[in-house]
Structure formats: C-alpha cells, structure tokens
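Please read this briefing alongside the sequence and the model. It is arranged by topic and gives the cut-offs for its terms as they come up.

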Amino acid sequence: MSSENIEICPVCKVQIKNDREVIFSAGKPGDRTKLWARVCQYVAEQQKGCINQDLAKISPIQATDGYKPVTFEQKE
Ligand SMILES: [Zn+2]
C-alpha cells in the first residue's frame, strides 16, 4: 500500500508529504511548523495561496525551528 500524498506549496515551492512531512529543497525534512517558522510566516501577507497557513496544523514554534543565526568569524 503506497498512497503518498504530496502537495507542493505554490508560494514556497516546498513539498508537503502526507499532510505532515515537509521536504525542503535543502537540508533535512521537517514538519509544517518548521516550514512556517522558516518560510510561510514571511510570505503570508504578500502572497496568498500558501498551503501552509492552517494554524491548527502548526505547533508553537521552538527556537530550533528557525534557521540558526549565521555568524561570520574572521580570523587573522
Ligand atoms: Zn507555503
């Protein structure tokens, strides 16, 4: 039995598998919460049509859900 259901968000271009698992174009798969924390919360106002705007499916965002801040170190 293989009934994979894959949706692609037309705004974020991210695949959502079986309504839960989010396949990012880079990095490890995540979930809707991670997707929202990283992408969807920023596009929601400007572009309608994002399929990951159902807050009932999004958990409270943890610190680990966002991208880690990137710090650049310069060493001499
Ligand atoms: Zn989206």
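The points below cover confidence, fold, sheet, core and loops.

This is a predicted model, in which local features need pLDDT of at least 70 and side-chain atom pairs count only at pLDDT 80 or more, while totals for chains, interfaces and linings use all residues. Residues are numbered from 1 along each chain as its sequence is written. Helices (H or I, at least four residues) and strands (E, at least two) are DSSP runs, numbered from the N terminus.

**Confidence**

- The mean pLDDT of the chain is 83, and 79% of the residues score at least 70; pLDDT is the predictor's confidence in each residue, from 0 to 100.
- Confidence is highest in β2, at 95, and lowest in helix α1 (residues 32-43), at a mean of 88.

**Sheet**

- The four strands form an open sheet in the order β1-β2-β3-β4, with antiparallel pairing; two strands pair if DSSP finds at least two bridges between them.
- In general, strands of a sheet pair through backbone hydrogen bonds, either parallel or antiparallel.
- β1 and β4 (30-31) are the edge strands, each with a single partner strand, so one side of each has no neighbour in the sheet.
- β1 and β2 run antiparallel and are joined by three bridges.
- Glu7 has Ile16 in β2 as its bridge partner.

**Burial and core**

- Of the 76 residues of the chain, 17% count as buried. A residue is buried if 20 or more other C-beta atoms lie within 10 Å of its own, exposed if 12 or fewer, and partly exposed in between, with C-beta atoms placed from the backbone.
- The largest nonpolar core has 10 residues, among them Cys12, Val14, Ile16, Val22 and Cys50. α1 gives the most to this core, with five residues.
- A nonpolar core is a set of buried Ala, Val, Leu, Ile, Met, Phe, Trp, Tyr and Cys residues joined through C-beta atoms within 7 Å.
- In α1 the buried residues are Arg32, Lys34, Leu35, Trp36, Ala37, Val39 and Cys40, and what covers them includes β2, β3 and β4.

**Contacts**

- Val14 touches Cys9, Val22, Ile23, Phe24, Leu35 and Val39, leaving aside residues up to four places away in sequence. Two residues are in contact if their C-beta atoms, placed from the backbone, lie within 7 Å.
- Among contacts in the chain between residues at least 6 apart in sequence, 42% join residues at least 24 apart.

**Loops**

- Pro10 sits in the loop between β1 (6-8) and β2 (15-17). Pro10 counts as exposed because it has 11 C-beta neighbours inside 10 Å.
- The C-alpha atoms of Pro10 and Ile51 are separated by 7.6 Å, although the residues are 41 apart along the chain.
- Asn18 lies in the loop between β2 and β3 (21-23), and phi of Asn18 is near 50 degrees, a positive value in a residue other than glycine. With 10 C-beta neighbours inside 10 Å, Asn18 counts as exposed.
- Asp19 is placed in the loop between β2 and β3, and phi of Asp19 is near 65 degrees, also a positive value in a residue other than glycine. Asp19 has 12 C-beta neighbours inside 10 Å and therefore counts as exposed.
- For background, most residues other than glycine have a negative phi.
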